[in-house]
Amino acid sequence: AASSLASLGAAYATALASAPVLTKSATASAVFALSDRAAQRIEGGARDAKRTLTSALVGLLYFGPALHWWLAMLTHYVPGRSIADTLVKTLLGQCLFGPTITCVFFAASLVSVQGLAAGLARLPGKVRQDLLVTWASGLCFWPFVDLLLYRLAPVAWIPLGYNVASFLWTIYLSLQASRSVPKRED
């Protein structure tokens, strides 16, 4: 088992070196799909393949590339691993990256279920209803992940650490995204 894990790690490192954005995006896609499936099991009811596909596409097309470039920017402008540098990276992630991915996830979920125009029309209500509570919940999870990864993980492996943590978080995010939004009465 240990040699299989080592082989998998070596293959992943090779993929990261040869195609970093694609590898991170494919990893995020798989993690998001598995997380959504787990969320659906928690909810009970019928399996929603469209919802799982939407989650996978958010991982593939947004989260994977965004995380790659976000971490590249952070390590460029805040290259250190001191506690002060780690806290700055954590603060930036909680104030900028976290709310952005949450809004993108909410938007994708709404568009998937209701279509482009209706989904985007409901996005402001969804953000008002669920962004603050989702963000506040994230403050109980992500700063600890940030502190561990920024202080202890080799820079090249930080995205994989985020994807592992994202498995748990995206279960919660899928549950939040699937909450209905009341229709606006204009």
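Biologist: How much space lies in the largest pocket?

Modeller: Rolling a probe the size of a water molecule over the atoms shows where empty space is left. In this predicted model, the largest pocket holds about 180 Å³ of space.

Biologist: Which residues line the largest pocket?

Modeller: Leu-16 and Lys-24 belong to the lining, as do Leu-67, His-68, Leu-71, Ala-72 and Thr-75.

Biologist: How many nonpolar, polar and charged residues are in the lining of the largest pocket?

Modeller: Sorted by class, there are 9 nonpolar, 2 polar and 1 charged residues.

Biologist: Now the second largest pocket. How much space lies there, and which element gives the largest share of its lining?

Modeller: The second largest pocket has about 150 Å³ of space. Helix H4, residues 83-114, gives the largest share of its lining, with 4 residues. By class, this lining has 4 nonpolar, 4 polar and 4 charged residues. Among the lining residues are Asp-48, Arg-51, Arg-122 and Arg-179. Two of these, Arg-51 and Arg-179, also take part in salt bridges.

Biologist: How many salt bridges does the structure hold?

Modeller: Side chains of opposite charge can pair when their charged atoms come close. This structure holds 4 salt bridges. One of them joins Arg-51 and Asp-36, with 2.6 Å between the closest N and O atoms. Arg-51 is in helix H3 and Asp-36 in helix H2, so this pair ties together parts that are 15 residues apart in sequence.

Biologist: Are Arg-51 and Asp-36 buried or exposed?

Modeller: Both are buried. For Arg-51 the relative accessible area is 14%, and buried means under 20%.

Biologist: Which other residue forms a salt bridge with Arg-51?

Modeller: Glu-43 does, at 2.7 Å from N to O. Glu-43 is partly exposed because its relative accessible area is 37%, a value that falls between the 20% and 50% cut-offs. Asp-36, Glu-43 and Arg-51 are therefore linked in a network of salt bridges.

Biologist: Where in the chain are Asp-130 and Arg-179?

Modeller: The side chains of Asp-130 and Arg-179 meet in a salt bridge, 2.5 Å from N to O. The pair links distant parts of the chain, 49 residues apart: Asp-130 is in helix H5 (residues 116-138), and Arg-179 is in the segment after H7. Asp-130 is buried, with a relative accessible area of 0%, whereas Arg-179 is partly exposed, at 39%.

Biologist: Let us end with a single residue. Why does Ala-28 count as buried?

Modeller: Ala-28 counts as buried because its relative accessibility is 0%. This residue lies in helix H2, which spans residues 20-43.

Biologist: Which residues does Ala-28 touch, if those up to four places away in sequence are not counted?

Modeller: Ala-28 touches Gly-59, Phe-63, Gly-64 and Asn-163. Ala-28 and Val-164 are 136 residues apart along the chain, and their C-alpha atoms are separated by 9.0 Å.

Conventions:
Residues numbered from 1 in each chain as written. Predicted model: local features only at pLDDT ≥ 70, side-chain atom pairs only at ≥ 80, totals over all residues. Heavy atoms only, no water. 1 Å grid on protein atoms, 1.4 Å probe; cavity = no way out; pocket = protein on both sides within 12 Å on 5 of 7 lines; lining within 4 Å. Points joined across faces, edges and corners; volume = space filled by probe spheres on them. Nonpolar A, V, L, I, M, F, W, Y, C, P; charged D, E, K, R; others polar. Helix = DSSP H or I, 4+ residues; strand = E, 2+ residues; numbered from the N terminus. Buried < 20%, exposed > 50% of the residue type's maximum accessible area, 1.4 Å probe, protein only. Contact = heavy atoms within 4.5 Å.
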